[in-house]
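Please read this briefing with the structure open beside you.

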Amino acid sequence: MKLVVVSAGLSVPSSTRLLADRLAAVAAPAATAPEPAPADVRVVELRDLAVEIAHTFTNGFPAPALADAFAEVAAADGLIVVTPVFSASYSGLFKSFFDALSVTDEDALTGKPVLIAATGGTARHSLVLEHALRPLFAYLKAVVVPTGVYAASEDWGAEGLDARIERAGAELAALMAGLTTPSKGRTPSPKRDSFEEVTPFAQRLAALGVPGPSPAP
Amino acid sequence: MQFGIFTVGDVTPDPTTGRTPTERERIKAMVAIALKAEEVGLDVFATGEHHNPPFVPSSPTTMLGYVAARTERLVLSTSTTLITTNDPVKIAEDFAMLQHLADGRVDLMMGRGNTGPVYPWFGKDIREGINLAVENYNLLHRLWREDVVNWEGKFRTPLQGFTSTPRPLDGVAPFVWHGSIRSPEIAEQAAYYGDGFFHNNIFWPADHTKRMIELYRARYAHYGHGTPEQAIVGLGGQVFMRKNSQDAVREFRPYFDNAPVYGHGPSLEDFTAQTPLTVGSPQQVIEKTLAFRDYAGDYQRQLFLMDHAGLPLKTVLEQLDLLGEEVVPVLREEFAKNRPANVPDAPTHASLLAAKAADQEKQDKQDKQEKEGARA
């Protein structure tokens, strides 16, 4: 089982990454329980990929390190995505990563359990999860867990954050386990590969009501 | 194997001088480049088709007809002809006319176009892009092969008793390539008809190009046109050369940094590492181009983009001298080595005519045998 964390924090160390790690620490073992080995966790730090993300828009294709990150995300059984709040929304870098991903592979997140989280300087932005992140991942056809986690600066010294992390992590783990256990009759949607599943041409012609080609002269 | 050049026909300011050529200058430059291609021994000249500034080639057969009159050997082609927004009837007529004028030195490459507003400007819906390519090409294919066509489809007014004139030269339709960068559907279309498939790989990493070509080759064989190795493949390339590779990098960098497609993006070094772009000595161009075969297999047509991003005509003509004198002769020799005998060359009017005659002879023989069989 594979859990991929996408963190859009910019400073080092970053509270965004800190929140991401705490969520992963709850979700990874819970997703595989009662197996002793937790899910494999891979962290994608968008800061390291910022230039390659921008170049995807100017070049039309992802550079090697970004392509690796896209492959990790596409292969994940579950995702934890965490962004700092910039100007009342997710950061531009965070959105650009998912823009570039969906241009490269529009079905990368289809059916994938995603835990949304954000950090900010004030609790006034906590609904950013509901008005910005949740619609974005709904559009990308992900399965967004019910509990999102927002951590304002003050939350790091207050009660309550732990409980939200526990609840959200457990919800993600349950979805990951549920979506990957065949005994529950649900399997992750198989990755569509347009190269291997090309529609036979006669089918395309038939759909348009066009007869096949004339015999060769 | 065929070697040639393809042009987008962009009117771009020269970033080193700030000067923008006039449309007339650019059009005349494209013609000069085509004539130079023949002079330096290249096989193919292909022009793009665009219907918006800053591009000039909206009327490819007009330009190619003019080039045809001033050349002897050069094959005239397109890169690409918009099968989505052009009327297939007009494509059939225009290119058959060009075939007669150019004594058969004509083929063309189908493309869907990548400029959204062109669809509505021509009364089409971009969401139907693939379906337009499918239906329109099916009609075009018939118009060149059947003298009288009755046809009804979704996107065009029906045809009853229609004959496209002039008929193709010697009754042989121009060879068609299908160009697509990322649509497996188009590789499938090319395979279905046994047509050529051109991957304009110049902005793409090799592994993507490899998958598209493998798909086309496998489907070509699936439809019974030959073995996967016998499928007809074309590739793009993009080069800038000087004898000394450092001079090439220094001279090309401002054009790269300001190029309309990838300018202000990646570094020249990253882009040359990740895509077929080669900026360096003729030897480096030879090495990089020969390596295309490692992932595309033995292929039939190599077209280079030489005249974009505001490069002045004088520079482009110097580039063509280098290409024709130092690069292509070596590529011809090297690509011929270890090339299996059953890998065909790109079809030409002469080869298609010969194939038609052979088919006819076979058919006649069969008819005769059947007749004799019936008598006995």
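**Domains, a helix and a chain interface**

The centres of domain 1 of chain B and domain 2 of chain B, taken over C-alpha atoms, are separated by 33 Å. This is a predicted model, in which local features need pLDDT of at least 70 and side-chain atom pairs count only at pLDDT 80 or more, whereas totals for chains, interfaces and linings use all residues. Residues are numbered from 1 along each chain as its sequence is written, chains are lettered from A and ligands numbered from 1 in the order in which they are written, and side-chain values use heavy atoms, with hydrogens and water left out.

**The two domains of chain B**

- Domain 1 of chain B covers 2–345 and domain 2 covers 346–376, with bounds that come from an automatic or database domain assignment.
- In domain 1 of chain B, 14 residues are in contact with seven residues of domain 2 of chain B, where contact means heavy atoms within 4.5 Å.
- The area buried between these two domains is about 860 Å², of which carbon and sulfur atoms give 64%; buried area is the accessible area (1.4 Å probe) that two parts lose on being put together, summed over both.
- Asp170(B), Val172(B) and Phe175(B) supply 48% of the area that domain 1 of chain B buries against domain 2 of chain B, which is more than any other three residues.

**Helix H6 of chain B**

- Helix H6 of chain B (residues 184–193) is mostly covered, since nine of its 10 residues are buried, that is, under 20% relative accessible area (1.4 Å probe, protein chains only); helices (H or I, at least four residues) and strands (E, at least two) are DSSP runs, numbered from the N terminus.
- Among the buried residues of H6(B) are Pro184(B), Glu188(B) and Tyr193(B).
- The cover over the buried residues of H6(B) includes helix H7 (201–207) of chain A, as well as helix H5 (129–145) and strand S8 (175–179) of chain B.
- Just after H6(B), Gly194(B) takes a positive phi of about 70°.

**Where chain B meets chain A**

- Chain B has 36 residues in contact with 26 residues of chain A, and the area buried between the two chains is about 2700 Å².
- The rule finds one salt bridge across this interface, a salt bridge being a side-chain nitrogen of Lys or Arg within 4 Å of a carboxyl oxygen of Asp or Glu.
- Glu185(B) forms a salt bridge with Arg204(A), and their closest N and O atoms are 3.8 Å apart.
- The largest share of the side of chain B that touches chain A, eight residues, comes from H5(B).

Methods. Buried means under 20% relative accessible area, exposed over 50%, partly exposed in between (1.4 Å probe, protein chains only).
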